[in-house]
Amino acid sequence: MAPTGMGGTMDLGSSEAETLEKTPGGPEGTGPREKPRSLWSDAWRDLRRNPVFIISGLVILFLVVISIWPGLITSQSPLQCDLSKAQQGSQPGHPFGYDGQGCDVYTRTVYGTRISISVGVLATVGVALLGSFLGGLAGFYGGLGDSILSRATDIFFAIPVVLGGLVLLSVVTSNTIWPVVGFMILLGWPQISRIARGSVITTKENDYVQAARALGASNSRLMLRHITPNAVAPVIVVATIALGTYISLEATLSYLGVGLKPPRVSWGIDISSASAYIRQAPHMLLWPAGALAITVLAFIMLGDAVRDALDPKLR
Amino acid sequence: MTQAATEPLLEVSGLVKHYPLTQGILFKKQIGAVKAVDGVDFHLGHGETLGIVGESGCGKSTVAKMLVNLEKPTEGSIKYKGEDITRLSGKALKAVRRNIQMVFQDPYTSLNPRMTVGDIIGEPYDIHPEVAPKGDRRRRVQDLLDVVGLNPEYINRYPHQFSGGQRQRIGIARGLALRPEIIVADEPVSALDVSVQAQVINLLDRLQAEFNLSYVFIAHDLSIVRHISDRVGVMYLGRIVETGRDVEIYDHPTHPYTQALLSAVPVPDPEAREHRERIILHGDVPSPANIPSGCRFRTRCWKAQERCTLEVPLLAVPAEFRIGDSPAAHDSACHFAEEKQVVPPEEPSGGAA
Amino acid sequence: MLLEVRDLHVEFRTRDGVAKAVNGVTYSVDEGETLAVLGESGSGKSVTAQAVMGILDMPPGKITGGEILFQGKDLLKFKEEERRKVRGAEMAMIFQDALSSLNPVISVGDQLGEMFTVHRGMKRKEARAKAIELMEHVRIPGAAERVRDYPHQFSGGMRQRIMIAMALALEPALIIADEPTTALDVTVQAQVMDLLAELQRELSMGLILITHDLGVVADVADKIAVMYAGRIVETAPVHDIYKAPAHPYTKGLLHSIPRLDQKGRELYAIKGLPPNLMHIPPGCAFNPRCPMAQDICRSEVPPLAEVDADRRSACFFWRECLDDTSSN
């Protein structure tokens, strides 16, 4: 039956239908008072309510602050040691006791934060930039470059990290964080590159990218405006979690004697020197190891919380 | 002037798209091809709607992508006002793109979730800045929102704050922004709820009249295609097997595939259950990587004979209908074309729906 | 009565609030009968079916009221263990997406055979023979050779046949088919629907067909329940509903679909959008979109009123709705 033949009450033209839809606060429940919300602001709103995020965020904030200004919570120098107090336990003014060289464990733990955080952050930034640049381009353009990059990542994945560190870093003489950071970027980028490549390939297939292409958008516009903002989430999540592992990798390398060496102050170095006295003076190991564990855990938890907030499937 | 009236807006001939099948990791060797589109011809006039129907995998979406230059044809030409757009690049291509726009199927993936509605609809102006001066764009975007039946105040919202039907309207507004002459719509309503489909179809109808648009309307739903199209092409395995005006195709089909397709459509009328003849096809559509010889429909056709294996039927008016003015006299690629009415004619009383 | 759903209520607790997906649904199916549950996305048609099958995700879902009587017994009072015995053996479900409903790494023969080894304690060899028999029953050509094939080696239509075979394996009394042909092409759709209808007649099962497609419903159903915003708005024998709908929503749907045998004319469009299930309008949920709405529709929920012996309509003005149609 044709609508034209229907009774007056049913015979509603589409124009009327549309005016109703135009009225704000229609049956959709998106009222006029509601502010426009981007996915990022939604994610932020979620994160603010998530206790895991709040706790790990505060821990990380604290760690970052003391790595920049360790003087805020300790007035001593980590290198001011008194051999006569070696291995002594907790005493007033020195709550964590002394290490094998008679240095204050508390102060050394506080100062150790700086190296851990800076190695972690620098390595992550480097890995994320290099990895997402290479992976993103490979995913976007495909072809021979992509094949070569994929094989290259396979080769890098095959290198055992610790063994590679022992070999490569043992020839380095500079006692700064740069060789360690460089080594991590060298071995770390394939992980991010793989994620970025996959993410870009999935995003690239979306109709909105096709739509922009059909409008005549340039490749740089497609990449910057359409693909990057939609493909970046998994990279952020993986990079945050990886940050924790880089911090523990730095400690591992320093423990093995190929990372940073004394007189630099690092949790890895302290753990290494404390391990010889684990029976007599376990406190020497406990504090730097505890700080390391808390830091790594905080970053992994942060990564988890960020993933939950950015995961579109829960949306 | 007379030239413009007779010359079709869009003329597609011999369009072919083959995707190579390759083996090997670094050094790829071609071992075959998926023949997604395998020789398609059609034309589109000013203000006309051409419907293309077919089942999944028949190549209709690939045709759409080639029309808007998202895919490069392997062979053939697409002439827009006499100029082959498949050979264009750079500025000339960009200029043509302004005039041929696309509306996508899935309103959930066709809008960038990180952009506001205003940015999405305004993006065409960023890419083609000559169309609208900067200061004028916001007003134009709001006008477009109004045209497609959305509140212009929604300009700062994000796509996920809208329902499917509203998102499809946003997609349509984006397609209209550059004032194109041709809109290629690939299944524009199939992802929407039934009650919302009608709203969007009516909108497309209204916009066609208002902006003098020509549509290439691609869909699998035969009823919707009939509703909106002036002419219809039926595709099967990368080719058009029958084409003609809507009455010719729906009321006087001569190709067995069209007949089977029409008879398989469930009609919302339980009375029709009894008096409808249903042609149930056997088997599935063959793989486009391995197309049967001769007539590509022969493996499922109840009329197939030896000739169908040997000889490819051409898309032309079958000999027996060439004399006279019968509505059966339209292009049909079948050696044994024969008129058969499968859709019961409309009851004159307009009886029960 | 084989299955009776009485006043079923289901809610979903989400981050943004409580979504009332099913708000007092009542329907029934008898042996050998086909009930079509018609509705758009969000109407609660699938959620109701999931509650009947006992496969609703809880949480976030929660059944907050009602009864599901299957052969006279309330399934909601069953323990999970008892419920599991009913599922598969007594009632089975066919889903829209056959590819994701089949395990990709197990051959179809083993998946079909599993029904017999698990539920009937058959030996593997015996079960394999049964699987071939079933595949022949749903007319898969070359069943004996294809029994070792994996799901991806079958076409969409064939996969859906395998799903049907699996559902039929233990000869259940009730089959629930949730959009069984939506993902298929028209020509294949017809094959699968015909097969399903034929098997149902042959085995005299009850069939609940959940769909949004008015055409499919007209082809196979005996009676229809139309759902909107978690409620049934109209139930009727299939012929009556197409001839003279007694609810403005049904009427709007029927008029809004283009016809194969008719050209042109502006389509009737139901104005507005389906409601957000977290903010269902007070009164009749359809009132903001209804051309016949009066004040009462905005304040009171219309009950399912008796139109005649087999028909119910949840509209205060069902008489006017019917008259309006018959006057044409």
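Two residues are in contact if their C-beta atoms, placed from the backbone, lie within 7 Å. This is a predicted model: local features need pLDDT of at least 70, side-chain atom pairs count only at pLDDT 80 or more, and totals for chains, interfaces and linings use all residues. Residues are numbered from 1 along each chain as its sequence is written, with chains lettered from A and ligands numbered from 1 in the order in which they are written.

Reader: Which helix supplies the largest share of the side of chain C that touches chain B?
Author: The contact takes 42 residues from chain B and 43 residues from chain C. Helices are DSSP runs (H or I, at least four residues), numbered from the N terminus. On chain C, α8 (186-203), α9 (214-220), α10 (238-243) and α11 (248-256) each supply at least two residues. The largest share, seven residues, comes from α8(C).

Reader: How are α7(B) and α11(C) oriented to each other?
Author: Axes are lines fitted to C-alpha atoms over the stretch in contact, with angles from 0 to 180 degrees between N-to-C directions. The axes of α7 (residues 194-211) of chain B and α11(C) come within 9 Å and cross at roughly 45°. Angles under 35 degrees count as roughly parallel, over 145 as roughly antiparallel, 65 to 115 as roughly perpendicular and the rest as oblique. The two helices, α7(B) and α11(C), are therefore oblique.

Reader: What distance separates the centres of domain 1 and domain 2 of chain B?
Author: The domain assignment of chain B, automatic or from a database, gives domain 1 (43-73 + 83-229) and domain 2 (254-344). Four residues of domain 1 of chain B are in contact with five residues of domain 2 of chain B. Taken over C-alpha atoms, the centres of domain 1 and domain 2 of chain B are separated by 32 Å.
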